[in-house]
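Here is a short report on core packing and ring pairs. Look over the sequence and the structure first.

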Amino acid sequence: MTKTFKYSALALAAVFALAACKQEAGAGKAASGASAAAASGAAASLGNSTQQASYVMGMGIGQQLKEMKEIGLELDRKLIDQAIEDTLAGKAKLNDQQAGEVMMAFQTELGKKAQAKLEADGKANQQKGDAFLAENGKKQGVKTTASGLQYTIKTEGTGAQPKATDTVTVEYEGRLIDGTVFDSSKQHGMPATFQLNGMIPGWTEGLQLMKEGGEATLFIPAKLAYGPQPQGNKIGPNATLIFDVKLLKIEKGEKAQQQMPQQISPEQLQQIQQQMQQMPQEQPQAKPEGKK
């Protein structure tokens, strides 16, 4: 893979990632005529389609620079601008092999910084979560199971209780212990339907404690949620999660796949970008001039 192709692909990935961000932000919502017109007007103010795309690519680069800065790596924007000008003029100071060696070393440093931040955040989130659950467990009406799951029943419900192999339909809202909402069925515009044993352990256990028609709040420790693996930009490593859940319907046995809207998330596209960055570059070989 040549450097030119690789960097062009990354630029396109940034464009599609931003497009996915906008789609996800609007998932389940019917855009009003006024908001659609405002969005169209904002793009039009940038100029023609090429100018608009140029701005969007800049947004993607800016987001990457921001994310690097957050883990302690701040790139030199003047040198970025210089490299663009030098390359356009055919006077780049590094050849493909040299550029590849620089980026391999930088990716190693980037990985170490990211891992260190992940571990620090995970430790801090675990401590905050443990403290929260310790206090929350003392509150009236809060029950704690042997696994460490905490829950309160708001409405008892009158129907059956689901088994792990059942398919359930629910309305829900998920938030962090600081109140940040990271997901909800309302955002998707419809209740969620899924097989219970395909969810995080805290959900699988918690919903089996509910009856059809009931409402509950689940306080899920990190070990019963996603553990040390962050999920997107809002759920950090070792995050304790809170869910308000209304159990609408139970269908017995293994039936449905998840029926929530399926989209390529910005996080998935970010992973694609990272994989592309980590792809080994071909060593330059002697070729006739102009052959690619």
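Phe243 is in contact (heavy atoms within 4.5 Å) with Tyr172, Glu173, Gly174, Phe182, Ile200, Trp203, Ala216, Thr217, Leu218 and Ile220, leaving aside neighbours within four places in sequence. This is a predicted model: local features need pLDDT of at least 70, side-chain atom pairs count only at pLDDT 80 or more, and totals for chains, interfaces and linings use all residues. Residues are numbered from 1 along each chain as its sequence is written, and side-chain values use heavy atoms, with hydrogens and water left out.

**Aromatic pairs**

The whole structure holds five aromatic pairs. Rings of Phe, Tyr and Trp (its six-membered ring) pair if their centres lie within 6.5 Å; planes under 30 degrees apart count as stacked, over 60 as edge-to-face and the rest as tilted. Two of the pairs are tabulated here.

| Pair | Centre to centre | Between planes | Type |
|---|---|---|---|
| Phe182 and Phe243 | 5.6 Å | 90° | edge-to-face |
| Phe194 and Trp203 | 5.4 Å | 65° | edge-to-face |

Phe182 sits in strand E4 (residues 181-184) and Phe243 in strand E7, 61 residues apart. Strands (E) are DSSP runs of at least two residues, helices (H or I) of at least four, numbered from the N terminus. Ring pairs link Tyr172, Phe182, Phe194, Trp203 and Phe243 into a cluster.

**Burial**

Buried means under 20% relative accessible area, exposed over 50%, partly exposed in between (1.4 Å probe, protein chains only). Phe243 is buried at 5% relative accessibility. Phe182 is buried at 15%. Phe194 and Trp203 are buried too.
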